[in-house]
Amino acid sequence: MITFAARNGKIDMEKSYKAALFDLDGVVFDTEPQYSLFWGSECRRYLPEEDGLEHQIKGQTLVQIYEKYFSGELEKEREHITKRLYEFEAKMNFDYVSGFESFISSLRKRGIKTALVTSSNREKMGAVYKKRPEFAHLFDTILTSEDFSESKPSPDCYLRAAERLSLDSDDCVVFEDSFNGLRSGRAAGMTVVGLSTTNSREEIAPLCDVVINDYIGFNI
């Protein structure tokens, strides 16, 4: 029997899991503070009245951000924002969340399938692969925003990932940090592990089966 155990909680000790599905930013890479700086700058440039907007947009795709906040008169600025975003991502640091490398290595050694399920696009992933050549080999499948029709909090992305792995929702554990991502995993009928890398433990706890700070001490 395969179980997941955390230093501060356990996930269904009687259940066996066959796959771990990971979001990217704030889950695999500790990049959210960098994105807060970028979007904070853009929001102050175009939407100074929306204080703290860079925190509200976490977990949303670029398309969702544009449609909700950069429409009307601001639509003409999208091209400039996208250009600055890609330039920013090309220079970003992609540091793994503490303990992630050891954790995913232990999963793969035990035959547990792994998938990346991210709202990032292929352009962003190109920057990741350039900085982290080993990255693609950590997962059995990788889904980006181009691979699903509905973005988080819709369960579509996680259901598609399970389908690619030929597994049912009950077989999968989702690792997420954003509110939209957590809701997506929950809506997909999967066990949800929340990482408090982006939002506080108290805020995400109602949307998770267990909350962890990082992967240190979180084992099979």
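This is a predicted model: local features need pLDDT of at least 70, side-chain atom pairs count only at pLDDT 80 or more; totals for chains, interfaces and linings use all residues.
Which residues in α3 meet which residues in α4? Here are some notes to read alongside the model.

1. Residues are numbered from 1 along each chain as its sequence is written, and side-chain values use heavy atoms, with hydrogens and water left out.

2. Now to the opening question: Leu62, Tyr66 and Glu67 in α3 meet Arg78, Ile81, Thr82 and Leu85 in α4 (contact means heavy atoms within 4.5 Å). By type, the residues of this contact are 4 nonpolar, 1 polar and 2 charged (Ala, Val, Leu, Ile, Met, Phe, Trp, Tyr, Cys and Pro count as nonpolar, Asp, Glu, Lys and Arg as charged, and the others, Gly among them, as polar).

3. The largest nonpolar core has 48 residues, and Phe22, Phe135 and Phe175 have the most contacts inside it. Such a core is a set of buried Ala, Val, Leu, Ile, Met, Phe, Trp, Tyr and Cys residues joined through side-chain atoms within 4.5 Å, where buried means under 20% relative accessible area, with a 1.4 Å probe and protein chains only. Helix α1 (residues 32-46) gives the most to this core, with 5 residues (a helix is a DSSP run of H or I, at least four residues).

4. Finally, the whole protein: buried residues make up 54% of its 220 residues. Its C-alpha trace spans about 55 × 35 × 30 Å along the principal axes.

Definitions and conventions
Helices (H or I, at least four residues) and strands (E, at least two) are DSSP runs, numbered from the N terminus. Buried means under 20% relative accessible area, exposed over 50%, partly exposed in between (1.4 Å probe, protein chains only).
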